[in-house]
Amino acid sequence: MTTMNLYNWFNDWFDQLDQQKAYLSDLDQKIGDGDHGNNMARGAAAAKESIADKQAASDAELMKLIAMAFMSKVGGASGPLYGSAFLAMSQAFTAGQSLTEALQAGVEKVKTLGKSTAGEKTMVDMWEPAIAALTSDNLTEAVLDEADEKIIAMKAEKGRASYYGERSIGEKDPGAESSRYLFLTLIKHLH
């Protein structure tokens with residue numbers, strides 16, 4: 001994937017976050033504090049502006065700009081989690097790693113920072129199956145939909161959603177949903 005592809009992919013994701021901000025906040029209202037959509041849209045707008053202004057020369061530089069925008073503009077847990085994931089991706093690109101390896105570095109950082117593992121109804125539950133599918137060159141919307149169904153059936157074990165206990169079963173996880181958009185937009189830019 002070229003830097004231009006990466007740039008276009010993330011711009012598509014930022015547009016998606018902006019278009020879906022009310023929906024993401026509605027999801028967050030059910031098992032969180034209701035601000036995920038607005039927070040993510042704020043981060044997306046800041047990142048979009050930053051990468052348009054600064055003209056990154058490499059994948060690593062581009063990811064670092066996006067990471068910094070999310071860390072500085074997105075409130076709650078999402079800013080540090082997404083920002084750290086993108087920073088880990090930047091470091092992986094600096095080390096000459098592939099997109100799949102960079103995404104793997106990103107999810108590992110999320111797991112460390114969030115003290116989370118798969119099966120706890122978090123963004124990890126969307127990233128891991130998406131990365132596994134990407135590794136085998138099989139990332140499709142169906143893979144993401146299947147991950148989504150599994151997440152809906154889970155009981156939240158982390159973050160504010162965990163306060164809802166059994167009531168979190170049957171609800172979408174807002175962070176997993178914003179991550180689903182990340183991978184849905186990636187599919188468009190893979191080939």
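Are Phe 10 and Phe 86 buried or exposed? Both Phe 10 and Phe 86 are buried. The model behind this briefing is predicted.

**Helix α1**

- Helix α1 runs over residues 3–19 and has 17 residues.
- From its first C-alpha to its last, α1 reaches 24 Å. That is close to the 24 Å expected at 1.5 Å a residue.
- Several residues of α1 are buried, among them Leu 6, Asn 11 and Leu 17. Trp 9, Phe 10, Trp 13 and Phe 14 of α1 are buried too.
- An α-helix has 3.6 residues a turn, so residues three or four places apart point the same way.
- The cover over the buried residues of α1 includes α2 (21–31), α3 (36–54) and α4 (59–73). It also includes α5 (78–94), α6 (99–114) and α9 (174–189).

**Helix α4**

- The 15 residues of α4 should span 21 Å at 1.5 Å a residue. The end C-alpha atoms of α4 are 21 Å apart, which agrees.
- The buried residues of α4 include Asp 59, Ala 60, Leu 62, Met 63 and Leu 65. Ile 66, Ala 67, Ala 69 and Phe 70 in α4 are buried as well.
- Helices α1, α3 and α5 are among the elements that cover the buried residues of α4.

**Aromatic rings**

- A pair of aromatic rings is described by the distance of the centres and the angle of the planes.
- Searching the whole structure gives 13 aromatic pairs.
- One of them joins Phe 10 and Phe 86. Their ring centres are 5.4 Å apart and their planes stand at 90°, so this pair is edge-to-face.
- Phe 10 sits in helix α1 and Phe 86 in helix α5, so the pair ties together parts that are 76 residues apart in sequence.
- Phe 70 and Tyr 82 make another pair. Their ring centres are 6.1 Å apart and their planes lie at 50°, so the pair is tilted.
- This pair also links distant parts of the chain, with Phe 70 in helix α4 and Tyr 82 in helix α5, 12 residues apart.
- Phe 70 has 0% relative accessibility, so it counts as buried. Tyr 82 has 1% relative accessibility, so it counts as buried.
- One aromatic cluster is formed by Trp 9, Phe 10, Trp 13, Phe 14, Phe 70, Tyr 82 and Phe 86.

**The largest pocket**

- Rolling a probe the size of a water molecule over the atoms shows where empty space is left.
- The largest pocket holds about 570 Å³ of space.
- This pocket is lined by 28 residues. The closest to its centre are Ala 77, Ser 78, Leu 81, Gly 159 and Arg 160.
- Helices α2, α3, α5, α6 and α9 each give two or more residues to the lining of the largest pocket.
- With four residues, α5 gives the most to that lining.
- By class, the lining has 10 nonpolar, 11 polar and seven charged residues.

- Gln 104 lies in helix α6. Its relative accessible area is 32%, so Gln 104 is partly exposed.
- Gln 104 and Asn 8 are 96 residues apart in sequence. In space they are 21 Å apart, C-alpha to C-alpha.
- Ile 187 belongs to helix α9. At 24% relative accessibility, Ile 187 counts as partly exposed.
- Ile 187 and Gln 29 are 158 residues apart in sequence and 29 Å apart in space, C-alpha to C-alpha.
- Setting aside neighbours within four places in sequence, Ile 187 is in contact with Leu 139, Thr 140, Glu 141 and Leu 144.

**Positive phi in a loop**

- Most residues other than glycine have a negative phi, and most peptide bonds are trans.
- Lys 115 has a positive phi, near 50°, and is a residue other than glycine. Lys 115 is placed in the loop between α6 and α7 (124–135).
- Lys 121 is not a glycine either, yet its phi is positive at about 65°. Lys 121 lies in the loop between α6 and α7.
- Which of these counts as exposed, at 64% relative accessibility? Lys 115 does.
- Lys 121 has a relative accessible area of 1%, so Lys 121 is buried.

Technical notes:
Residues numbered from 1 in each chain as written. Predicted model: local features only at pLDDT ≥ 70, side-chain atom pairs only at ≥ 80, totals over all residues. Heavy atoms only, no water. Expected span 1.5 Å × (residues − 1). Buried < 20%, exposed > 50% of the residue type's maximum accessible area, 1.4 Å probe, protein only. Contact = heavy atoms within 4.5 Å. Phe/Tyr/Trp six-rings, centres within 6.5 Å; stacked < 30°, edge-to-face > 60°. 1 Å grid on protein atoms, 1.4 Å probe; cavity = no way out; pocket = protein on both sides within 12 Å on 5 of 7 lines; lining within 4 Å. Points joined across faces, edges and corners; volume = space filled by probe spheres on them. Nonpolar A, V, L, I, M, F, W, Y, C, P; charged D, E, K, R; others polar.
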